[in-house]
Every structure is written in C-alpha cells, then in structure tokens.
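Trainee: I have a model open and would like to go through it with you. Can we take it piece by piece?

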Amino acid sequence: MPIKTIRTDVLVAGGGGAGFRAAIAAREAGAKALLLSKGPLARCGASPMAGADFTLDGRSLHKLGFPGAPGDTEEKFFNDIVTQGYYLNNQKLVEQYIRNAPARLKELLDWGIKVVFSEERAIFTSGLSLMDALLRRARTAGVDLLEDAFLIDLLVEGGRIAGGLGLDIRTGELIHFQAKAVVMATGGWHKAFWPNTGMRDLSGEGIAMAHRAGADIGNLEFITFCCNVLLSPPVWRGSIATYITSLLSGGELTNSNGERFLEKFDPYVVEKGTSMEWNKGFVSFATMKEVREGKGTPNGGVYYGKGDIPWEAFEKKSIDIFPNWKYKAMDLTEMAETLKSGGRVEVGPAVEYFDGGIVVNENFETSVPGLYAAGECALGPFGSNRVCSAITEMLVQGADAGKKAGEYAGGMKEIPAGASAFQALREKAEAPLQRKEGLRPAPVRRRVQEMAHKSLSPIRNAEELLAFLGFLDRVSKEELPRLTTTSKIRVYNKEWIDALEFDNMIHLLQAAAQSALFRTESRGVHYREEYPYADNDQWLKESIVKFKGGVFQVEARPVTVTALTPPQGRVPFLEMMKKMMQSRSEIGGHH
Amino acid sequence: MPDKIIQVKVFRFDPSTDKEPRYQTYPVPYESGMSAMTALDYIYQNLDGTLAYYDHAGCDLGICRRCLGRINGQAALFCQTRIKADVILEPAANTRVLKDLVVCKPADKDE
C-alpha cells in the first residue's frame, strides 16, 4: 500500500488546549501549521472535560475587570506555586506561567469564552467553551486540522526533526508527515491506569516517542491522583463530579468501619487539604492509607456523604457547576438524591494529572532540535504537587512553544527523512497487523492498568515497585512482541490502535516506576513508606530518565531556582505538607 | 459473581467484506448501573476484538457524542445510557456505517 505524504512546517501532535494554542501561535508566526486531533475536534483529550479553572495572580485578574484580589502580586503568586510544589518546581517555568497568564486570559475573553464565576485568583469557565473558542480561532488563523489521526513515531534526520509517521484511524492509512518542527501536546497517559479520570485517548504516545527520539523525560514519579472520584455505578466510574462537589460543598469521608478517618490528621492540614485543591495530594494519600489498611470499599475507595451539613446549604454551593444536578451530559440527580437522604457514594483516588513529562527549557525546546513540548506532556512548572491550574499551563506553554516552533521552521529548509528510517517505523507499526497469531491487546492492557493503579498509587514502597517492574519486564519481553489483531482490516481497527498505544504505556510505566524507586524520599504526590520524610538535603532534585541503547537510566538533576531558596533538612511528610500549606500568602481562593 | 447474564445483540457490518449487515449476540454479565458502553467494553475486552465502536477517544461524559447510536431502536449515547436487560445496540444511521457501530463523518460518506 502506498503511503500518503503530508507536508507542513509545524506539526502539532495533540488536539487539546496546548495543541490548539501552539498551532495558532505557529500560524501567527508565519508558519504552515497542521494539528493532529486523535479524536473529535475540540472534544478529545482532557481539556474539554475540565471544570475548568484558569488561575492567574489576583491583581492581574482585577485589572481584567473581575473582582480578583487587588492586593495580590506576582511575587506572592510565585511563592505560593513554588511552596505548593514543595520547592521541586522549575522556577523559570513558574515565572513563565505567571508572566503570560494575564495575556492568555485576556485573549480567551476576546475570543468569547463564557465565565461562570470568578474568585481571587481564578475564573471558572467550561472546557467546552474554552475548546470551542480555540477551535474558532484556529480556523480563523488558517490552521490545518486533521481529525481522528495521531502520530505514532517521530522521524529524526541528522539529529533534527524531519517529521513523523501517523495513522488515520478511520481509514487505517499510515501517513508520512514531513515537517520542520513538531510540537508535542499529547497530554497525560491516563489510559495506562484503571480506573482513571481521563478521556479514552490519553495514552502518552507523545512523551514516549519524544523519549525514543532522544529527548529526556523527567519527574515521572509525580502522578497526581484526584481524590473523591466516583467508583460506582459503572456508568460514572472515573467521573470527578463528586470531587468537585466535595471541594465546593464539603461533606464527610468515612472508611468501611464508618470511621471519619480524616480526624486522625492535624486539623489545619485537614482544613487546607479539603477546602483547596491541596485535596488531591492530601485526601488521596489519606484514602490510600485506609485502603491499604483493609478499611476500603469493595471498589478500593472510601465513602462520601454530606455529613451534618443541611442539604440546602450543601446544594447551594455546588449548583452553579451542576445546574439541576446535570454535569456535561451526565444526569447526577440520583447521586444528589442519595446524598440528600444521608446516603453515601463510593469514591476514591484515580489518576488525573502528570506533573512530569518531556524535559523542556523556558522556550519549550527539548534536547532534539525542532522538537518542542507544551502542556501536560511536558515537565512543567508545578514541581511535586500541582494546586494551580493546568488550563493556564497548557495555554501559556502552547502559545510560546508554537511561536518558537514557527520561528524555527521559518529559518529551516525541509530535511527529507531517510527511507530506511521511515521503513523501520512502518514495519514496527504494522507488525501487529502482520502477525498471524498472538495475544489480543485488550486483556493484556487491562491487567497492566489495574496493576499500575495499585503499584503507582500515592503510597509506594520498594517491594511493590520492584514487583511491578518485574511484571512490566515480563509483559514487555513476552507479551508486547506477540500482540496481534484478530481482524487484519485496517479501517477503524481498535486492536491495532490498542497495540500501538500499549507500547507507549509500558514505556512510561517502566520510566515512572524506576523514578519512583529512585526517589528515596516523600514529597508532594509521591510517598515512599520506607522514607516517610521530605529530604531537602538530598532530594531537591528532579529525576531525569535518559533512554540510550534501549535502556533507561535515571539521573538526578538539581532543581532550577531563580528567586526562592529551598529549605534544608529532613522533614516528616505531613509536617512538610503543613509547612508548605502555611507558607501560602494571605490571598484567598481554592488554589 | 454476576447475578445474571444479559444478551446484548449488536449490529455488525464491515462494508469492505460484508454484503449486508448482520447481528451478533453476546452474553454479558449484568452489573447494576452499567451503561451500554460498559457492555461494549466487556464484549471487546473479553469476547470479540473485531467489534468496532467509537472508543479510541471517547469521553465517557456525553460531550463528544461519538458514541451516539440506537438502543432498542431509540437514539441514545452509549456512554450515558444505562441498560438493565437484554438489549439491541445499533449505529445511529445504518446507511452510513464505517464499521459496525462507527459511522462515517459527513465528509467521507461518499468515499
């Protein structure tokens, strides 16, 4: 079968907010830009399903015409993001985030997003409103858009990006992309876990292929589990509706013995750790402790109810986000009835956000010339714990990465990729279709997802991580090479897509488990049972995973500091968490 | 252990090999609160890897609308519609089938 070739200047892999914003910026920098959207345009990836909060400093928000917080400063906001990240943040990227957030919000308002409400440091819109605005803008700017298509692997020639191999999912045709620059904007890799809170397309191919192409990746052990995610009934499994309700309305968590287990913790930590987005780090940790002590629910979580809050007061605080208890197309009236009558729903931690990713500098360049990364797939500004908005992150990074990629492409001649390199990628991609017999991908994937959820949960130890790595090694050596498709017809062949994705998921799980084993301390969303303290003397370092000759090598890299000097000494995990909470400025809000 | 098994009858059609559509029935363990999508996931993962339904980028929130189909003849989103008994799952439009439950986009219907 002949391969279709598509030429562009800047190829953007990923159809979420980072990808759209990057493609717009590349186009505005004068480059031809093509965006690959793995699913429906403006309706795939994590962005459309976001709440969605956009955070920025309160003074800038005030200047944009919202109440905001006139007493806020960039310095206070910087302090808060860095302490929330337990000082593991790349401070250059924090500065980039703060500096660019106001302009990104202003343009969104100009492009017509709807603001539902605002507070000191945030506006709340919806992911749909945001994505619709970006799609309109991309069309106006003349971005080329390809739907239901994704990048399988990158082509590198003479050390520089030359394009990549992609798949049109509907037709099953492989596509040879010739591009001078690639912006990776593929988001997280939620699909490597079950349950998860992401859409079904997030399998991390961008991070894995960048790694294979020679870019470093880092801080993969920092995986944020959203707390209070619905675990039952199956129709809602993975929904964050209860998470949002718990944040806005409060409520009560109990274990299978009916104990209010948060009462064991310092009241200050509980108060901050439930009323702000610190809850992802704190409540997920506290929940996993119960589950690991055998006090969990049948689906591996805990119970959530309204506690002794009167229903009217409880409902009032959530109803802006859930008008008539509808959320997106979900009808949550049954859940509301359960809570209203004093009943409980089963909730628990599920994977939601990846703090680590592709290593970039403050221009969003990777170590491979021509390769850029933005948004969740990049190692971003949040260090070991994200409290502020990933929506802001994807937009400030997308805009700069796209602009830089556009400028780079403008000064470059196209370099055709070598035929043998292309042929090798093609053969690897088609292997599952060519194999006459072997293993079906879906059952293998499900086992890996469930194991990943347990082994890389917020509480880890060496024994479990080593067992997981052994398991992944067996899967990677004995099962991955035997994956096959039952049908050999290329048109919308789910098993083929699954097999292609699975390789990347195994790659990232191995990198994350090795990084989690490497980090012999507890910080942010990474807790090691054998090392229950933040080790500020040894571990103010990022874990960088190199990939050479098919082997992972984890190295420590000192954290990038510009303005705020990190603390010293070993501090017990929860004490460090409390200190970080106490370090926050006086500006109010959920972040 | 599941309390009961339901029979899920699914529309199958691959225009590249089949002359006409057919239906295939799969036994699926019933789980309280399951959606039509839960049943399709079960079938795909455990019984039949050739089944096509729009899942590679589904949102499970009813916003991407790519899982729009017919459940017992009624238009519905597979991901948001609960099923409680034997059921028939069909694509939104039998005339524009790309494969099984996945329909063509408006732009590629004549290809």
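Trainee: What should I know before reading it?

Mentor: This is a predicted model, in which local features need pLDDT of at least 70 and side-chain atom pairs count only at pLDDT 80 or more, while totals for chains, interfaces and linings use all residues. Residues are numbered from 1 along each chain as its sequence is written, and chains are lettered from A and ligands numbered from 1 in the order in which they are written.

Trainee: What are the scores?

Mentor: ipTM is 0.95 and pTM is 0.97. Where pLDDT is low, the coordinates should not be read in detail.

Trainee: Ok, the sheet. What is the strand order in the open sheet of chain A?

Mentor: The order is E7-E3-E2-E11-E20 in chain A, five strands with parallel pairing. Helices (H or I, at least four residues) and strands (E, at least two) are DSSP runs numbered from the N terminus, and two strands pair if DSSP finds at least two bridges between them.

Trainee: Which are the edge strands?

Mentor: Strand E7 (144–147) and strand E20 (371–373) of chain A, each of which pairs on one side only. On average, neighbouring strands of this sheet are turned by 20° against each other, direction ignored.

Trainee: How many bridges join E3(A) to E7(A)?

Mentor: Four, and the two strands run parallel. Leu34(A) has Asp144(A) in E7(A) as its bridge partner.

Trainee: And what does H1(A) touch when it packs on the sheet?

Mentor: H1(A) touches E2, E3 and E11 of chain A, and its direction makes about 170° with that of E3(A). H12(A) also packs on the sheet, touching E2, E11 and E20 of chain A, at about 170° to the direction of E11(A). Contact needs C-beta atoms, placed from the backbone, within 7 Å; axes are lines fitted to C-alpha atoms, for helices over the stretch in contact, and angles run from 0 to 180 degrees between N-to-C directions.

Trainee: Change of topic: which way do E9(A) and E10(A) run?

Mentor: Strand E9 (residues 160–168) of chain A and E10(A) run antiparallel, joined by six bridges. Their hairpin has four residues between the strands, and Gly172(A) there takes a positive phi near 80°. E10(A), residues 173–178, also runs parallel to strand E1 (residues 4–7) of chain A, with four bridges.

Trainee: Why does Gly273(A) count as buried?

Mentor: Because Gly273(A) has 26 C-beta neighbours inside 10 Å. Gly273(A) lies in helix H8 (residues 267–275) of chain A. Met577(A) is 304 residues away from Gly273(A) in sequence and 9.4 Å away in space, C-alpha to C-alpha.

Trainee: Last one, how many residues does the contact take from each chain?

Mentor: It takes 33 residues from chain A and 32 residues from chain B. Helix H14 (441–455) and helix H16 (494–518) of chain A each supply at least two residues of the side of chain A that touches chain B.

Key
Two residues are in contact if their C-beta atoms, placed from the backbone, lie within 7 Å. A residue is buried if 20 or more other C-beta atoms lie within 10 Å of its own, exposed if 12 or fewer, and partly exposed in between; C-beta atoms are placed from the backbone.
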